[in-house]
Amino acid sequence: MTNKLDFSGVRWGSVEWTNLCTLYLRAYESRLEQPVLGDRAAAEAVDRIDYDFGRMHRTAQPWANQFLVALRAKQLDVWAGDFLRHNPQAVVLHLGCGLDSRAYRLDVPRGVSWFDVDVPEVIDLRRRLYDDYPGYTMIGSSVTEPGWLDQVPMDRPALIVAEGLLMYLTETELRDLLTRLTDRFATGELLADLLSPWGPRFSNSPLLSKFSTSGITKWGTHDGHELSEWNPRLRLIDRVMFLDPDKIPLKPQRLVYRLLTAIPAVRNYDRLYRFRF
């Protein structure tokens, strides 16, 4: 029997734990009879890890939360797959990649150069699960540090995926990042989810003052127009509410989310955006 990877050192509530939790939710969802995302690569990764997933299960509440993760990832996968079909020699930058298996989940053309980028401690954990190979590179750096982009070719169309990331940057950090990215590449697309202005307000609520997540959300938007105003090269081509109850295959959860998304503040809290430049 192959020895499992000992992840017991992942501290509860840390950034690494959050990424492991998201991986677990995608793996859990993949085992449904009719999954939305069906992330078998995530399931295979979780099967290789020795961790207290029983405790994580009780905390993560996959009954409800698995679809929050799966629906968001699925829509970004659809857009990413469309871009790669039309640009089989592209550069992909997966920013704030965590332990996501998107590079393995998608049908990536052989000519694509894929870069997964996250802070060093997350990439160190990721390297225990995955290896670099020709066409696939992991970079340990905060996305707000400019130097990491020097490792990335600039002579091809770029697909930039930022899932669960941009809301944690300040406005200044976000504007600087967008400028660096669009200055480096002649053409490409940016796929991202953005929270409503309720995100920072809720994050700074006294209700969260005792939790590690207090204050971590820095920026929100009603409709994403600020990105195009800050950077005229970015043109919004699509915007969707990812939490579509009709796409949830399990009836109890589908009914719950229909009730929740009837509330505008919930329905528009986190939306997905596709920009072209």
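Me: Which residue in β9 is the bridge partner of Leu 191?
Reply: Happy to start there, with a note that this is a predicted model, where local features need pLDDT of at least 70, side-chain atom pairs count only at pLDDT 80 or more, and totals for chains, interfaces and linings use all residues. Residues are numbered from 1 along each chain as its sequence is written, and side-chain values use heavy atoms, leaving out hydrogens and water. Strands here are DSSP runs of E with at least two residues, and helices are runs of H or I with at least four, numbered from the N terminus. In β9, Leu 191 has as its bridge partner Arg 274.

Me: Do β7 and β9 run parallel or antiparallel?
Reply: Strands of a sheet pair through backbone hydrogen bonds, in either direction. Two strands pair if DSSP finds at least two bridges between them. Strand β7 (residues 188-195) and strand β9 (residues 270-276) are joined by 7 bridges, and their direction is antiparallel.

Me: Which are the edge strands of the sheet?
Reply: The open sheet has 7 strands with mixed pairing, in the order β5-β4-β3-β6-β7-β9-β8. An edge strand pairs on one side only, and here those are β5 (136-140) and β8 (235-240).

Me: How is α1 oriented relative to α2, and why?
Reply: Axes are lines fitted to C-alpha atoms, for helices over the stretch in contact, with angles from 0 to 180 degrees between N-to-C directions. Helix α1 (residues 15-30) packs against helix α2 (residues 40-47) at about 115°, the axes being 8 Å apart. Angles under 35 degrees count as roughly parallel, over 145 as roughly antiparallel, 65 to 115 as roughly perpendicular and the rest as oblique. That makes α1, relative to α2, roughly perpendicular.

Me: How many charged residues are in the contact of α1 with α3?
Reply: The axes of α1 and helix α3 (residues 53-60) come within 11 Å and cross at roughly 85°. Contact (heavy atoms within 4.5 Å) involves residues including Trp 17 and Leu 20 of α1 and Phe 53 and Met 56 of α3. Ala, Val, Leu, Ile, Met, Phe, Trp, Tyr, Cys and Pro count as nonpolar, Asp, Glu, Lys and Arg as charged, and the others, Gly among them, as polar. By class there are 9 nonpolar and 2 polar residues, and of charged ones, no residues.

Me: With which residue does Asp 100 form a salt bridge?
Reply: A salt bridge is a side-chain nitrogen of Lys or Arg within 4 Å of a carboxyl oxygen of Asp or Glu. Asp 100 lies in the loop between β3 and α5 (102-105) and its partner in helix α1, so the pair ties together parts that are 74 residues apart in sequence. With the closest N and O atoms 3.4 Å apart, the partner of Asp 100 is Arg 26.
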